Amino acid sequence: MWSDWPLPVPQSPPGAISGTKWLDVNGDGDRDAGDTGIAGWTIKATISYGGVTFTLETTTDSDGHYSFPDMSYADWEIFEQLQPGYQQTYPHDSSGNPINWDVTLDASHPSASSIDFGNFYSNPGLAVEKSST
């Protein structure tokens, strides 16, 4: 029966997680003036509870913004679903390797914003050749 499952139930008021997905034009891992939001990307939030992993998904809007409203107070992992030709440049560790966000929501921190992702587009199938005519 469903009542036997230890599902996390959102508190009242519930928590929220939000951020922006942006195109890192120069691939430096910093959001610069020309780095605009990217629409249509899938952002995921996972939580492990009682030995079961739950995953929520949302999609970025036309400005690259996303939001997970009505979140339970818990430890969440937030990550993007990478698309072909893109490399994640933000967030990253001290060596520049891409990482996911670990977000804790609780009564003293019921929401988290600026949980952002940056990506550089590099098309490995694109080759430029110079020819003489």
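The paragraphs below go through the strands, the charged pairs, the aromatic rings and some backbone details of this predicted model.

Residues are numbered from 1 along each chain as its sequence is written, and side-chain values use heavy atoms, with hydrogens and water left out. As the model is predicted, local features need pLDDT of at least 70 and side-chain atom pairs count only at pLDDT 80 or more, while totals for chains, interfaces and linings use all residues.

The sheet comes first. Helices (H or I, at least four residues) and strands (E, at least two) are DSSP runs, numbered from the N terminus. Two strands pair if DSSP finds at least two bridges between them. Four strands make up an open sheet in the order E3-E2-E5-E7, and their pairing is antiparallel. E3 and strand E7 (101–104) are the edges; each has a single partner strand, so one side of each has no neighbour in the sheet. On average, neighbouring strands of this sheet are turned by 25° against each other, direction ignored; here axes are lines fitted to C-alpha atoms, for helices over the stretch in contact, and angles run from 0 to 180 degrees between N-to-C directions. E2 and E3 run antiparallel and are joined by eight bridges. Tyr-49 has Val-52 in E3 standing opposite.

The charged side chains come next. A salt bridge is a side-chain nitrogen of Lys or Arg within 4 Å of a carboxyl oxygen of Asp or Glu. The count by this rule is two salt bridges. One of them joins the side chains of Lys-21 and Glu-80, at 3.2 Å from N to O. Lys-21 belongs to strand E1 (residues 15–23) and Glu-80 to strand E5 (residues 75–80), so this pair ties together parts that are 59 residues apart in sequence. For accessibility, buried means under 20% relative accessible area, exposed over 50%, and partly exposed in between (1.4 Å probe, protein chains only). Lys-21 counts as buried because its relative accessibility is 0%, and Glu-80 is buried with a relative accessible area of 8%.

A salt bridge also links Lys-44 with Glu-57, where the closest N and O atoms are 3.4 Å apart. Lys-44 is in strand E2 (residues 42–49) and Glu-57 in strand E3 (residues 52–59), so the pair ties together parts that are 13 residues apart in sequence. Lys-44 counts as buried at 17% relative accessibility, whereas Glu-57 counts as exposed at 53%.

Lys-21 also lies over the face of Trp-41, at 4.5 Å from the ring centre. The rule for a charge over a ring is that NZ of Lys or CZ of Arg is within 6 Å of the ring centre and within 35 degrees of the ring normal.

The rings can also be taken with each other. A pair of aromatic rings is described by the distance of the centres and the angle of the planes. Rings of Phe, Tyr and Trp (its six-membered ring) pair if their centres lie within 6.5 Å; planes under 30 degrees apart count as stacked, over 60 as edge-to-face and the rest as tilted. The structure has five aromatic pairs. Among them is the tilted pair of Trp-22 and Tyr-90, with 6.0 Å centre to centre and 35° between the planes. This pair links distant parts of the chain, since Trp-22 is in strand E1 and Tyr-90 in strand E6 (residues 86–90), 68 residues apart. Trp-22 counts as buried at 2% relative accessibility, and Tyr-90 as partly exposed at 27%. Tyr-66 and Phe-68 form an edge-to-face pair, 5.9 Å centre to centre with 70° between the planes. Tyr-66 is buried, with a relative accessible area of 4%, and Phe-68 is buried at 4%. One aromatic cluster is formed by Trp-22, Tyr-90 and Trp-101.

Ser-67 is found in strand E4 (residues 65–71). Its relative accessible area of 37% makes Ser-67 partly exposed. Neighbours within four places in sequence aside, Ser-67 is in contact (heavy atoms within 4.5 Å) with Ile-17, Ser-18 and Thr-58.

Some backbone details remain. The peptide bond from Tyr-90 to Pro-91 is cis, with omega near -5°, and Pro-91 lies in the loop between E6 and E7. Asp-70, a residue other than glycine, has a positive phi near 55°. Asp-70 is in strand E4 and is exposed, with a relative accessible area of 52%. Ser-114 has a positive phi near 60° and is found in the loop between strand E8 (111–112) and strand E9 (117–121).
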